[in-house]
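Colleague: Could you take a close look at one chain of this predicted model for me, and then follow that chain out to the partner beside it? I would like one connected account that I can read with the structure open.

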Amino acid sequence: MKKKVMAVLLTSVMAASVLAGCGGSSAPAAAPAAPAAEEKKEEAPAAEAQAEAPAAEAPEGADYEECTLKFDWWGGDSRHEATQKAVEAFMAKYPGINVEVNFGAWTDWETARALEYQSGTGSDVTQIGSNWIPDYDGDGTVFLDLNTVSDTLDLTQFEAGDLEKCLDPVGQQAGVPVSMTGRTFYWNKTTFDKAGIDVPKTVDDLIAAGKTFQEKLGDEYYPLTLGEYDRALFMSFYIGAKKGVPIIAEDGTLNVTKEDLVDALNFIQSLEDNHVIPGIAQLAGDGNVTTNENPKFIDGRYAGVFEWDSAPLKYTSNLAEGQELVVGDELDFGGGVYGNSAKVSMAFAICATTQHPHEAAMLVNYLLNDPEGIKIMASERGVPASKIGYDTLNDAGMIDPMIAKAHEAVYATNPMFFSPKFDNGELKGDGAAYIDAFSGLSYGDYSVEDAADVLFDAYSNVCG
Amino acid sequence: MTNMANQEKTLSQAEANLRRQRAISVALRYLVLIVVCIIMIYPLVWMVGATFKENSEIFTSMNPIPTNPTLSGYRDAMQNYGGAINIWRAMLNTYSYVIPEVIFTLISSVLTAYGFGRFKFKGHDILFAAMMAMLFLPQVVLNVPQYIMYNKLGWVGSKLYLPLVVPTLFATETYFVFMLIQFLRNVPKDLEEAAQIDGCNVMQTLIKIIVPMLMPAIVSCALFKFMWSSNDFMGPLLYVNTPAKYPATIFVKLSMDSDAGFNWNKILALSLISILPSIITFFAAQNQFVEGISAGGVKG
C-alpha cells in the first residue's frame, strides 16, 4: 500500500515536472517581454521622447529599413553587460531596427561560429578573432567586403596598417579591428622591492634579477614566469630584435632559418638555466593552472608575467593582499631594440549572407565610431583601435589606467607585424608545436636542435 | 570443581577474545570507510566552502572553511544579463528538453531493442551490424553533418529545442539499445509465450511482460540519459542562439572569460545551484530506484 502511494506520488511529481518543463519552454519566449516591459514602464515617456526625437530631426544615417539583425560575441560578464546596453541604446536611437544578440564564453565558441559561417547562417554582425579571417574566409565569400558599406561605416577612423591586418586573402576588407593588442610585462613590485632591485628595463636587467632573486629571496622566487606559448612569443621578440623582422612576414612567408631558431631557443633555455623563469615541469607541479591562478604568482613568488596589454586585470584581481602589480616597459634587447609585435585582438565582421548590410554597418559604426556607443562599450574589448573611439574614451578617462599604460608601452616601441599564422592550430594549442617544442626542451627530452626542428617544420608547414 | 571453574573461565575468556576481535574488526572497517569517505567527500565540501571565498583564497587554500566568508558569489549568481536570462530560467530551460529527451529515449530504445531482440526480419543482421557500428562513432564527427541537416530543416535556434529532442525519438543512443538487448536475452521466452496464450498481442506482451522485467536496465538508461543530457554543452551551444533559451550548462559558463578573468566563487555557486534539483530528485527517488532494481532482479 505504502509502495503504491509512493509510486503514485512519484508519478504525479514526474508528470508535474514534465508539465513544468513544457511550460518552461513556452514561458521564456513570452517572459522576456514582460519584465522588460515592467522595467521600461517608469522610463517609458523618456524612451518615447527619445525615440521620436531622431525621427523628427531625421539625423544623418537615418535612412534605413526596419529589420532584425543578429549580433554575436564571446566574452565575460562585464563585456556581456556593456554590449547588451550598447545594443539597447542603438535600438533606441534607430527605432525599427531590432537586434537579436547571442553571447557566450570563449570555450567552443569558435567551433559553433565556424559551423554557422560555413553553412551560411552566420549572424549579421559577428565578433571574430584575428586568425578567423584567413581560417574561415579564405575565398572572401564568408565575410562582407566592408568597403562596400564604407559610406555607413567610417573606415577612415582606423589606421591603414590596422585595417590591412583584417584583409582576407583575396584582398577584401573582411573585418574592422575593434582593438589592437601586444604583449608587455607586468611586475610584482612588492617582490622586487623585497629583493632590493628595480623592475627590469632591459633583458640584461632581467637576467641579473634571476640571480639576485635566487641569492636574496631563495630558490622559490623567480622574476618572471613563462608558459609554452609565452616562450614562443618571447622567442619571437628575441628574433625580432636580432633580425629586425618578424618570424612570419606580412605576405605569410617564413623569415627565419633553423639556425635562427636554435639561437633563439638557446636564449629561452638560458633564462631557465639562470633562474629567471621556472621550468615547465615546475609549472606543471604547481597544478598546471594559468598564471593568474597559480598560488606562487598570487603570493608573489613568481614576480613577473608576460601578458597582453588588455589583460592585466585578471592578475591584479587575484593577487594576495599587500602585493602590487605594475606595468613594465618592453624589455630592451640592447641598443634600443625591442622586437615586440602587435596584432588585431578582435574584429567585427559582417557576414556576406546578411540581408541588411547597410543596417549591420550602422550597428558596427555605432559601436566603434559613435561617441554614445563608444562610451557604453568602454574598454571592454581592449583599447579601441578607432581614433574617435580612443579619443572619446581617453578624454573621458574611461580607459583603465593599467590597460592604458600597458597599451602605451606596446605602442611606444613601434611594434612589428604579428601574423595571424603565428597562432595557427598547428603551432598553438594542445599537442601542437609550441607546447611540444618548449616543454620537450624544458623537460630535457629535446636538445635545442630537436626543438628547433619541431618548430621549423611546423612553421614551414604553416607558411608553405 | 576447580576444573569446571577453570573451564568456564577459559570459555568466557575465549568469548571475550572473540568479542574483542570483532570489535577491533568493526572499528577497523569503520576506520577504512571513514577515511575513504572523507577522501571522496572532501572535494565536494571544499567546493561548497569555496563558493564563499575570494579568488586568491580559492587558489591558495586547502581549507574548506573560508577565512573571509563572502556572499558575493551567490549575489553575482543571480545576475540576469539585462533581464534576458537568469539561473532559474536557465535551469527550467534545461529540464524542458532533458525530460522529454529521457522519456523519448527510453521509449524508442526499448522498442528498438525489442525489435532486434525478439524478431527476425529481412535485413536484421545488416541493420544490427550497422547499429553496432554506430556505437563506436564519436559525436564530434557528427557535429558538422548534423548541423547542416538541422539547418536545412530550419531547426537551428528552435524554441522547442527540436535538434536536441527529436533525434531521441529514433533510438540514437545505441549503447542503450545494445544494453537492453543484452538484458532481453536473459528474459525467458516462455513468459512471452504464456502471455500470448493468455491473449496478449505483441505490444501488450512488450508493455505487460518485457518492460517490467527490463525495469532495472531501463532505470539505469534513464539515469544515464538524464546525466548526459543535462551535462551536454556542445549541443545547446550549436543549436540554441537566443539568450532567453540558454540552458544551465551554457549559463554557468557565460562569465568564464579567460581574457578578463572571472570570479570562481560565482561559477561554483552557480554549479552548486544547478545540480541541486538533480541531487534532490535522486535522493527523494532513491528508494524507488533501488526497489525497482531489486524487484526486477528477483523476478528475472
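Modeller: Two residues are taken to be in contact if their C-beta atoms, placed from the backbone, lie within 7 Å. Counted in that way, and looking at contacts in chain B between residues at least 6 apart in sequence, 74% join residues at least 24 apart.

Of the 300 residues in chain B, 31% are buried.

Turning to the partner, the contact between the chains takes 46 residues from chain A and 43 residues from chain B. On the side of chain A that touches chain B, the elements that give two or more residues include helix 1 (2-30), helix 2 (33-57) and strand 2 (97-104) of chain A, and helix 1 of chain A provides the largest share, 10 residues. By class, that side of chain A has 21 nonpolar, 18 polar and 7 charged residues.

In soluble globular proteins, nonpolar side chains tend to be buried together. Here the largest nonpolar core has 171 residues, and those that touch the most other members are Val176(A), Ala347(A), Ile350(A), Leu363(A), Val364(A) and Leu180(B). The largest share of this core, 13 residues, comes from helix 4 of chain B, residues 87-118. Over on chain A, and leaving aside residues up to four places away in sequence, Val176(A) touches several residues, among them Leu146(A), Phe158(A), Ala347(A) and Val364(A).

On confidence, the model scores ipTM 0.82 and pTM 0.81, while chain B has a mean pLDDT of 88, with 93% of its residues reaching 70 or more. Over residues 296-300 of chain B, however, pLDDT stays under 50, and the model has 8 contacts beyond four places in sequence for that stretch. Where pLDDT is low, the predicted coordinates should not be read in detail.

Terms used. Residues numbered from 1 in each chain as written. Chains lettered and ligands numbered in written order. Predicted model: local features only at pLDDT ≥ 70, side-chain atom pairs only at ≥ 80, totals over all residues. Helix = DSSP H or I, 4+ residues; strand = E, 2+ residues; numbered from the N terminus. Nonpolar A, V, L, I, M, F, W, Y, C, P; charged D, E, K, R; others polar. Core = buried A, V, L, I, M, F, W, Y, C linked by C-beta atoms within 7 Å. Buried ≥ 20, exposed ≤ 12 C-beta atoms within 10 Å, placed from the backbone. pLDDT = per-residue confidence, 0-100.
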